[in-house]
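Here's a quick briefing to read alongside the model. Keep the structure open while you go through the points.

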Amino acid sequence: MALRNGIYIITGIMASGKSTIAQMLAEQFDKGVHVHGDIFRRMIVKGKIDMTPDYSQDALDQLMLRYSITAKAADMYYKAGFSVVVQDVYLGEYVQPFLKKFESKPIYFITLNPSVEAVIEREKKRNKTGYTTWDVESLHDVLVNENPRIGLWIDSTHMTAEETLSEIIKRAESETRIL
């Protein structure tokens, strides 16, 4: 099955495979773009405030700015004829406000949800460390208990990246479109 053009959003906690899967998914299109939402956080040279379990209003404001820039960039690429794959951590009560920032449709929402144990193992093998202020269990708890049950949820615990991509392609049209 061929994927339809649109904006595909991939979320999950750190080390769930978002970057890998988003890149692979973007490569499936004749004109594909991979927007790393986190890049807009990393662009802040001075004054960056990261989201922590006890985040401040300023941290939330920066997160919402990052989400706005991400949506605008994705919309601009989509309007220019690209299929867009966006990836970042979108959690809890901030998922719906993020989704409302998009002008373009269709939007496909995909949540990667491997087990806590799988994320811990994957984190050990990464070149970067994501878990400095959060622990895997707490972040996973927010994902599972607070994220809206929309789009496609994939338990990729025992799946390779290729198997995860195949599952997304197989189920994309029927289960991921939300807007």
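A15 counts as buried, because its relative accessibility is 6% (buried means under 20% relative accessible area, exposed over 50% and partly exposed in between, with a 1.4 Å probe and protein chains only). Bear in mind that this is a predicted model, where local features need pLDDT of at least 70, side-chain atom pairs count only at pLDDT 80 or more, and totals for chains, interfaces and linings use all residues. Residues are numbered from 1 along each chain as its sequence is written, and side-chain values use heavy atoms, with hydrogens and water left out.

- A15 has a positive phi of about 70°, although it is not a glycine.
- You'll find A15 in the loop between β1 and α1 (helices are DSSP runs of H or I with at least four residues, strands are runs of E with at least two, and both are numbered from the N terminus).
- K105 and P106 are joined by a cis peptide bond, with omega at about 5°.
- P106 sits in the loop between α4 and β4.

**The sheet**
- Five strands make an open sheet with parallel pairing, in the order β2-β3-β1-β4-β5 (two strands pair if DSSP finds at least two bridges between them).
- β2 (32–36) and β5 (152–154) are at the edges with a single partner strand each, so one side of each has no neighbour in the sheet.
- From one strand to the next, the twist averages 20° (axes are lines fitted to C-alpha atoms, for helices over the stretch in contact, and angles run from 0 to 180 degrees between N-to-C directions).
- β2 pairs with β3 (residues 83–87) in the parallel sense over five bridges.
- G32 has S83 in β3 as its bridge partner.
- Helix α1 (residues 18–26) lies across β1 (7–11), β2, β3 and β4 (107–112), and runs at about 160° to β2 (contact means heavy atoms within 4.5 Å).

**The cores**
- The largest nonpolar core has 23 residues, and I7, I9, V86, F98, L99 and F102 have the most contacts inside it (such a core is a set of buried Ala, Val, Leu, Ile, Met, Phe, Trp, Tyr and Cys residues joined through side-chain atoms within 4.5 Å).
- Two or more residues of this core come from each of β1, β2, α3 (57–79), β3, α4 (95–99) and β4.
- α3 gives the largest share of this core, seven residues.
- A second, separate core has 19 residues, including L3, I110, L165 and A172.
- Leaving aside neighbours within four places in sequence, V86 is in contact with I7, Y8, I9, I10, V35, T70, A74 and F98.
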